[in-house]
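Hi,

Here is the structure I promised to pass on. Have a look at it first, and then read my notes below.

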Amino acid sequence: MVRHTPPRPVDVEELFPELVPLRKDAIRLHPRSGDPTCRDSSVGGPLLWPADEPWPVCAEEHFDLDGRQHDAVVPVVPIAQVYQRDAPSMSFPQGHDLLQVLWCPFEHGEYCYPLPQVHWRDARAVGQVAATPAAPAGAPEDYVPNPCVVHPEHVTEYPSRDFPDDLHAALKDRFAQLQTDTGWLYHYHLADAPGIKLGGYPGWTQDPAWPDCDSCGRRMQHLLTVASREYDGESWRTWLPIEDRAADYTQPPWYSEEGKAAADAAGLMLGDVGGVYIFECPSCPGRPISHWFDCS
């Protein structure tokens with residue numbers, strides 16, 4: 001089944017033409033419980049990993065949620081696999097048609113984040129496929145996604161927190177007037193999509209923290225947001241897909257089985273309903289990556 005985000009309840013670009021240069025394309029993955037194979041795009045599913053290529057590991061110092069240190073080397077776990085056929089608007093490296101994102105599910109560093117890795121490959125060049133290993137013993141369940149099929153959907157986003165200061169100052173009174181006139185909150189209902197997504201704007205919970213590339217010094221591009229939930233208590237009103245709405249769509253979606261399945265299919269809880277944002281520099285050799293983790 002496909003997923004369709006409802007049309008925006010107002011014309012964002014007509015009301016706020018200043019936002020037109022800032023619009024970005026994003027691909028909402030809409031993970032839902034299922035049984036994906038390595039030949040499918042998925043969240044938390046098995047990867048198309050060559051049998052003759054060692055499974056990636058994490059050798060960094062890491063801890064479980066109780067602060068206990070774990071073995072120095074553990075296998076990383078699949079987070080998302082996306083075939084180019086399911087994300088045709090996304091820029092893949094030349095000669096590659098498969099994006100694979102994994103992370104170490106233990107906590108790292110001062111901010112207790114999982115540590116991601118990104119791999120691009122040519123799916124047609126993969127012969128025998130390795131079995132995807134189970135999550136390492138002791139890994140926090142909240143950092144290991146359930147296997148989910150995905151329903152990629154292209155959407156247009158506008159900045160929520162990523163405003164130039166002068167532009168936000170110029171628009172804030174008009175945002176407030178929109179709320180007074182219609183009840184719609186620009187930041188929750190109209191700007192950037194919540195949930196797990198490719199491209200677009202990071203789904204910041206706190207203030208933006210864009211990294212710069214260590215090689216060229218330029219600001220990196222957003223590759224993937226891994227969010228704890230597909231919606232929250234306010235954003236569901238415009239971002240919950242039509243197919244997941246109960247008959248009485250004025251009620252919060254957690255009152256319906258469809259809505260609850262949409263929110264928590266991947267089974268992630270990153271900090272306090274936070275997210276991990278993965279960035280890349282497509283201009284530098286090897287497309288170096290960085291990441292940021294925040295929560296409420």
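Pro140 is buried, with a relative accessible area of 6%; buried means under 20%, exposed means over 50%, and partly exposed is in between, using a 1.4 Å probe and protein chains only. You'll find Pro140 in the loop between β8 and β9 (148–149). Along the chain, Pro140 and Met269 are 129 residues apart, yet their C-alpha atoms are separated by 9.8 Å.

Before you go on, keep in mind that this is a predicted model: local features need pLDDT of at least 70, side-chain atom pairs count only at pLDDT 80 or more, and totals for chains, interfaces and linings use all residues. Residues are numbered from 1 along each chain as its sequence is written, and side-chain values use heavy atoms, with hydrogens and water left out.

Now the whole protein. It has five helices and 14 strands (DSSP runs numbered from the N terminus: H or I with at least four residues for helices, E with at least two for strands). The radius of gyration is 19 Å, which agrees with the value near 19 Å for a compact globule of 296 residues; this radius is taken over C-alpha atoms, and the globule rule is 2.2 Å times the number of residues to the power 0.38. The C-alpha trace spans about 60 × 45 × 40 Å along its principal axes. Of the 296 residues, 48% count as buried. Among contacts (heavy atoms within 4.5 Å) with a separation of 6 or more, 73% join residues 24 or more positions apart.

Next, the sheet. Six strands make an open, antiparallel sheet in the order β2-β9-β3-β6-β7-β8; two strands pair if DSSP finds at least two bridges between them. β2 (32–33) and β8 (113–121) stand at the edges with a single partner strand each, so one side of each has no neighbour in the sheet.

Glu153 lies in strand β10 (residues 153–157). Leaving out residues up to four places away in sequence, Glu153 touches Arg3, His4, Thr5, Ala26, Ile27, Arg28 and His30.

Cheers
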